[in-house]
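Biologist: I am new to this one. Please show me the model, and then let us go through it in short steps.

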Amino acid sequence: MIGEVLQMPSARHTEPVVSINALDHYYGQGRLQKQVLCNINLEIQAGEIVIMTGPSGSGKTTLLSLIGSLRSPQSGSLKVLGQELCGASPQQMVALRRHIGYIFQAHNLLKFLTAQQNVQMSLELHSRSAAVTRAKAEAMLAAVGLAERSRYYPENLSGGQKQRVAIARALVNQPKLVLADEPTAALDKQSGRDVVELMQRLAKEQGCTILLVTHDNRILDIADRIVQMEDGCLTTNAQSSSTAVV
Ligand code: ADP
Ligand code: MG
C-alpha cells in the first residue's frame with residue numbers, strides 16, 4: 001500500500017529503502033530471450049549514498065529502471081519504500097514514482113520552459129498552489145546556486161548548470177530515494193565534481209537515499225558504499241568507499 005510509503009521511516013533502523021532478493025531480468029522472448037540480471041541481492045538503508053559501477057552493458061540501467069518503478073520486475077522480490085514491485089499494479093507503480101527523484105545522464109529539461117518553470121513543473125505534478133510551487137522552485141534553484149539564472153532557458157545554461165537544474169527538479173519534492181544514472185557523463189571534470197557534491201550535500205540535508213550509477217572514478221569518494229555490476233551480477237556488496245578507491 002502506498003499509504004505505508006507515505007509514513008516511510010526517515011529515521012534509521014527500520015525497513016531498508018531498497019530490498020532486493022533473487023531478482024532476475026530477461027529481455028526478449030523465446031530463442032531471442034537474453035538474461036541481463038542474474039540473482040541480484042541488495043539492500044540499501046535510509047540515508048545511504050550507494051554508487052554502482054561496472055562496464056557498459058552489464059545491466060546497471062536495467063536495475064536502476066526496475067528500482068525506479070519504470071519497468072516491471074519479472075521474478076524474485078524487489079521492495080522499494082515498503083512497496084513490493086513484483087506483481088504490483090500499474091497504479092501502485094505510478095504512486096511509488098512520486099516518492100523517487102530521477103537524474104539522468106542527459107538532463108532532460110524541457111527547452112521551452114525556464115529553469116524555474118522546469119523545477120516548478122515537477123512540484124505541480126504533486127498539485128500544490130501556484131504561489132507555493134513558485135516559491136519552492138525558486139528556493140531550490142537558490143540551493144543549487146542558480147538563483148540568478150532561474151529565468152534562463154536551458155539553451156542559455158552550461159552543461160553543469162543544466163544538470164544542477166535537473167538536480168533541483170529531482171530534489172524539490174524531497175523524495176525519499178534519488179536514482180541517478182551517470183549524471184556526470186556529459187560534464188567536464190570540475191562540473192561533474194560540483195554536481196555530485198551538490199547531490200551529496202542536499203541528500204544529507206534532506207535525509208534522502210541515493211543510488212548513483214557512474215563510470216566516473218573521480219567521484220567514487222562521495223559514496224558510503226560501492227557495488228559493482230558485472231555481466232548482470234552484483235560482484236561486491238559490502239565494500240567501503242575507502243577500500244574501493246585504493
Ligand atoms: P548498462 O546500463 O550497464 O550499460 P543496460 O542495463 O543498459 O546496461 O543493458 C544491459 C543489457 O541489456 C545490454 O546487453 C543491453 O544491450 C540490453 N538491453 C538494454 N535495454 C534493452 C531493451 N530495452 N531491450 C533489449 N535489450 C536491452
Ligand atoms: Mg546504462
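Modeller: First, a term: helices and strands here are DSSP runs, numbered from the N terminus. Also, this is a predicted model.

Biologist: Which elements each supply at least two residues of the lining of the largest pocket?

Modeller: The pocket holds about 440 Å³ of space. Its lining has 17 residues, and among those closest to the centre are Arg 97 and Tyr 102. The elements that each give at least two lining residues are H3 (90-97), E6 (100-103), H4 (115-124) and H6 (159-171).

Biologist: Which element gives the most to that lining?

Modeller: Helices H3, H4 and H6 each supply at least two residues. The top contributor supplies 3 residues, and that is E6.

Biologist: Are H6 and H7 roughly parallel or roughly antiparallel?

Modeller: The axes of H6 and H7 (residues 189-206) come within 10 Å and cross at roughly 15 degrees. Angles under 35 degrees count as roughly parallel. Therefore H6 and H7 are roughly parallel.

Biologist: Is the crossing of H6 and H7 left-handed or right-handed?

Modeller: The crossing angle is roughly 15 degrees. The hand of the H6 and H7 crossing is right-handed.

Biologist: Which residues of H7 does H6 meet?

Modeller: H6 brings Gly 160, Gln 163, Arg 164, Ile 167 and Leu 171 to the contact. By class, the contact has 6 nonpolar, 4 polar and 1 charged residues. The H7 partners are Ser 191, Val 195, Leu 198, Met 199, Leu 202 and Gln 206.

Notes
Residues numbered from 1 in each chain as written. Chains lettered and ligands numbered in written order. Predicted model: local features only at pLDDT ≥ 70, side-chain atom pairs only at ≥ 80, totals over all residues. Heavy atoms only, no water. 1 Å grid on protein atoms, 1.4 Å probe; cavity = no way out; pocket = protein on both sides within 12 Å on 5 of 7 lines; lining within 4 Å. Points joined across faces, edges and corners; volume = space filled by probe spheres on them. Helix = DSSP H or I, 4+ residues; strand = E, 2+ residues; numbered from the N terminus. Axes fitted to C-alpha atoms, helices over the stretch in contact; angles between N-to-C directions. Parallel < 35°, antiparallel > 145°, perpendicular 65-115°, else oblique. Left-handed = near helix turned anticlockwise from the far one by under 90°. Contact = heavy atoms within 4.5 Å. Nonpolar A, V, L, I, M, F, W, Y, C, P; charged D, E, K, R; others polar.
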